[in-house]
Amino acid sequence: MNLPRAHANPLIGLSSTLLALAVSLLATVVLLVVFGSHPLSALRSFFVGPFSSPLAWGNTLNQSSLLVLTGLAASVAFGAGAFNLGGEGQVYLGGLAALAAALFLPPVWGALGILAALVSGMVAGAGLGAVSGALKARWQADELITTFLLSASVVPVVDSLITSPLFGAAGSFLITSRKIPQEFWLPGLLAPSNLHWGALLTLPLAVVFGVLVNSTPWGYRLRLLGRNRAFAQYTGLSMASYSLLPLGLSGALHGLAGALGVLGTQHALVQGFSSGWGWNGIAVALIARTNPWAVVPAALLFTFLDQASRMVVLQGQFPFQLSALFQAAILFFITAQIVRRRS
Amino acid sequence: MAPNSPAVLASLVRLSKTFADNGVRAVDEVSLELQAGEVLALLGENGAGKTTLMALLAGLEVPDSGEVVLASGQPPSLKAGIALVQQHPPFAPELTLWEHAVLGLPGRFPGKKAARSLLEASAARWGFALNWDELCRDAGPLALQKATLTAFFLHPLTILILDEPTAALGPAEARSLLASVRAWVRENHACAVFVTHKLHESLEWADRVAVMRAGRLVATTTPADSSLEALSSLLFPRRQQPQVQESLPAPAASLPPVFMAQGTRADFELRGGEILGLTSLRGEGAEELEEELTGLADLPEGRLFLAGTDVTTASIAALRRLGLSYVPSDRMGRGSSPYSALASNVIPYQVTRLAPGGILRSHSVRGYFRELAKRFSLQGEPGQRLVTLSGGNIQKLIVAREMDHGPKVLILAEPSWGLDLEARRELYRLIRQAARAGSAILILSSEPQELLEVCTRVGVLREGRLQGIRLVEHWTSELLGRELLGVVN
Amino acid sequence: MRSSRFALVFALLLAGFLTTPVFAATIGVFIPGALQGSPTYELLDAGVRKAAAEVPGITVKTIEGGFNQAQWGEQIAALVASGEYKWIVTSNPAMPEICTPVAQAYPAQRFIILESWSKNASFATLSYNHRELAFLHGALAGLLTQSRKGAAVAGLVAGQEYPDMNNAILPGFREGFQSILPAGKVEFRVVGNWYDAGKGAELAKNLFDQNVSVVLPIAGGAGQGVISAAKQAGKSVLWYDTDGYALEKGIVVGSGVIRQDTASYQLVKKALAGTLEYGKPLVVGVKEGYLDYLTSLPAFVSGLPAAIRTPFEAIVNQFRTGKKTLAMPLPTS
């Protein structure tokens, strides 16, 4: 698979991405105008909706911070030449690990307990990613397949555990676990939106990764691995540890996203709460061309487009499948290399 | 000659092309006519613009100004009968050679049987015997070149362009290919252009010779009106003194060998200051040896010692720590990261040093690059992508990187493949310099002539085994040729 | 000048864009799932629109929420936050749970939630006596199984487990079945979602292979799969709360009905008239006329022999007249 590579002239790379975004935006606007019964109010819902109230703002910020995390996770893996398609399962498993920690640690632990839960999430996600890494190192198993299959098999397992006596909530009509003790709740912001303090963690994390990947020897080696694996091996990089590392790290970031989702928003593990976070993270990584610095604006942009289309659907003029259609159109245009590379 | 066939098949009219990446004017107002029935040799050193000019002729690049006018009036393309066989033909790794060859043929896609018979017939006239079921990624550049050439002949062609067609061929195969090209040209009143830097080839096979330098066409002449010296001075106007081979002192035999293979199929002992050259015909074992000596493949038998340590099963990182440097034959696939910047390509062993406090400073990286560039006369800016450099300059960069920290052992595999005269001389100078500084140097090359020029000792590999290493003074071209072919007295 | 004309057009568009009045809809119907193929929700929507049509100036907007339960809360919050809807009408036992935090944040918002039970002062809820309806299905299943001399086992395939299912429907079904076959058992299977027909077929086939004669699916879109499995096995299916005879003639032999449209119509009519009581959860059963069994439809009459129909209609009538009632287990809060 050819990942979009950063062009030698960054302006051409940037204009190619912007052009793709502009075209997809145009396509959605056309859809809205042609198929909506009230085009102007549909357009208003689209462009203004995600910022129209604290609720909308909060949800937009929350979602973009989660996408920053999963976008970073995908970037780290792809930038090192490892195709992590298991984001969904890694996020979900991370959520479960955080839930377990939050439900079984004594509530008196307070902030330490929150930390422990977040770490458990990261460890669980890292473990899942590292399994694929180990399979790759030992048997050259294609991680494209192993990450995806492992993740797909983890999801139903977690689903069944949610309502099991161990985690389940008696008397709920939803498929959800019971709520975690209040001491472990991440305090909310901009209520009644989904935003919470944990979401603010992701921006500094993006900065850390930006520096790590672009300005350290370790980051240099990781990027070299993604550019030309044979060359990286030739310079002496240990293929065993560098098969494990990108996938483990990617999994850890995914797991952290899941943990934050559980601790911050629902304060429980609701079935399917993280559905789409992994795949959207990949979309964000593609928009950002796997550069951590570009992940934040890419996540914001993607979230805006997603929330905007959801606003329009909620406004009642379109069936709910349309928001998925919008997202697909955006992704389609982004991954097509529109500006011809001048070699 | 048919009464109505045109005398001029194509006219290149004041073509110019500049690449945005580095602002270099690759082709500068070049005008040239291609006659029917002629073989044209296009000479020039690396970076002279030959490849770009041919890409413009074949319609693969669009000129910034000027035009390519064909006798048929069509725009230049394969459909118009112009085929360019590149030195490294592009390919899809998962396809087999026959699938690669029939891709893009007009009309219905032929089934495997039909395709194979078409291809085998076409290949037979060129004297090629190819394994058509081999996957492209396993086939190697030579097989790909042959397959691509065979494939082009399934189209009606008027102009055939060959970019360094004999670079990867042995002398006999090269003659055979060029003879077939000439025969084809004569029979069909077509035209063939072959790009080369082998001056003797151009004198022997071409009807006309065109010389390019720095993007301009500086001369067109015929072999009758020219000579090796004349061509050489057209290519390199400054006076090139014939290189006097300064003989390097042979190291004392009492010194311990710094690189040694024992009990293998190719045992040798190498000491600091020596340049050992090993050569073989294609497929006789040099490729495997390259991987075995550099930690990329396991030694099937025997042991390897580096600086006194047994490194038979050592990792690549361990080998490098012990002082091994290696310039691989596969420059783009293994020796570099083609889409990364030049600076990124030279720093892999320096990153820790260039990152005090853990942060890689871009000005240190650039500074290191400039310093390296000065010492080794490298071209290009640190931020430029490697693919924008010519083949010769890429190799210089790789060699510079590997020689930089004065390695104990330096292994070079096919180091001058695709390099022009000037670049080769520069390379040999660097190698001798490194030997004088104490490195032990091992060159694996399929050009015996080159080894005679550079090395202190030369050995021959045949059927995977080393047949005997002798001091270079004890070899002649004939002896070497006989040893390679297995004709022993 | 071209540029000034362009500027004028642009300014007009902008003005129109900015001054378009917020759409004056007053009732929002939130569908936790999809409208298409979901009779319960289609009936809900129909009832609301009928009531709204009777009063001038009332408009209805229907919003589909998709199948991801975790997103419903966010969507409800967005609807309420827009301030457009005086009432949010929805239907699903999980909705009070989901709407509670939203109601807390927006105390002025009113919710009409069918198929649910809550004392929250912002909600007007109505729940159906599923135990009675399930009992009727169980009784019919018992009569059918008895006549076919199959194994004394009936099947119940549910979309998911939830309190009403575990506390009311399953026991009610079992009670009805055992009222005919005292030694009878009920096999309970869960699909895990409300749309996977393939999974539904698989589970049903498994039951039919064990000689079960009748299966009752309550699994939304997955029910279609149960029907196809029954068709392949030559067995029968009961359809829970809407007319399912037409889905597969001869296979669906009995249909209960929950008159969701009547319920939503009544509630919305009261709301529009200002007489709807909030915080007072209603429970309605067969006696009140909202639940029933479709015994008078020709498909029922022609699909079953009189030997089964007559005793069954007698049982149904007992419920209709109120002679027999069953208590609906309610949540404690």
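Before going on, a word on the model. It is a predicted one, where local features need pLDDT of at least 70, side-chain atom pairs count only at pLDDT 80 or more, and totals for chains, interfaces and linings use all residues. Residues are numbered from 1 along each chain as its sequence is written, chains are lettered from A and ligands numbered from 1 in the order in which they are written, and side-chain values use heavy atoms, with hydrogens and water left out.

Back to chain C. Domain 1 covers 2-129 + 261-284, and domain 2 covers 130-258 + 288-320; those bounds come from an automatic or database domain assignment. Taken over C-alpha atoms, the two centres are 32 Å apart. Contact, meaning heavy atoms within 4.5 Å, involves 14 residues of domain 1 and 14 residues of domain 2. How much area is buried between domain 1 and domain 2 of chain C? About 1200 Å², with carbon and sulfur atoms giving 61%. Buried area is the accessible area (1.4 Å probe) that two parts lose on being put together, summed over both. In domain 1, C:Y128, C:N129 and C:V284 lose the most area to domain 2, together 44% of what that side buries. And salt bridges across this interface? The rule finds zero, taking a salt bridge as a side-chain nitrogen of Lys or Arg within 4 Å of a carboxyl oxygen of Asp or Glu.

Next, chain B against chain A. Here 34 residues of chain B are in contact with 21 residues of chain A, and the two chains bury about 2200 Å² between them, 56% of it on carbon and sulfur atoms. On the chain B side, B:R334, B:Y339 and B:R385 lose the most area to chain A, together 22% of what that side buries. The salt bridge count between these chains is zero, while twelve residue pairs are in polar contact, both at pLDDT 80 or more. The elements giving two or more residues to the chain B side are α9 (316-321), β15 (324-327), α10 (342-346) and α12 (391-403) of chain B. Which of these gives the largest share? That is α9(B), with three residues.

Salt bridges do turn up elsewhere: over all chains the count comes to 33. One of them joins the side chains of A:D306 and A:R310, at 3.4 Å, N to O. Both residues lie in helix α12 (residues 292-314) of chain A, four residues apart, about one turn of the helix.

Now the sheets of chain B. Helices (H or I, at least four residues) and strands (E, at least two) are DSSP runs, numbered from the N terminus, and two strands pair if DSSP finds at least two bridges between them. An open sheet of six strands runs β5-β6-β7-β3-β8-β9, with mixed pairing. β5 (82-85) and β9 (216-221) of chain B are at the edges with a single partner strand each, so one side of each has no neighbour in the sheet. Strand β8 (residues 208-213) pairs with β9(B) in the antiparallel sense over five bridges, and B:R213 stands opposite B:R216 in β9(B). Helix α5 (residues 171-188) of chain B packs on this sheet, touching β3 (38-43), β6 and β7 (191-196), and its direction makes about 155° with that of β7(B). For such angles, axes are lines fitted to C-alpha atoms, for helices over the stretch in contact, and values run from 0 to 180 degrees between N-to-C directions.

There is also an open sheet of three strands in chain B, ordered β2-β1-β4 with antiparallel pairing. Its edge strands are β2 (25-35) and β4 (65-70), each pairing on one side only. Helix α1 (residues 50-57) of chain B lies across β1, β2 and β4, at about 125° to β1(B).

Thanks, everyone!

Definitions and conventions: Polar contact = N/O pair within 3.5 Å; in protein donor to acceptor, adjacent residues only side chain to side chain.
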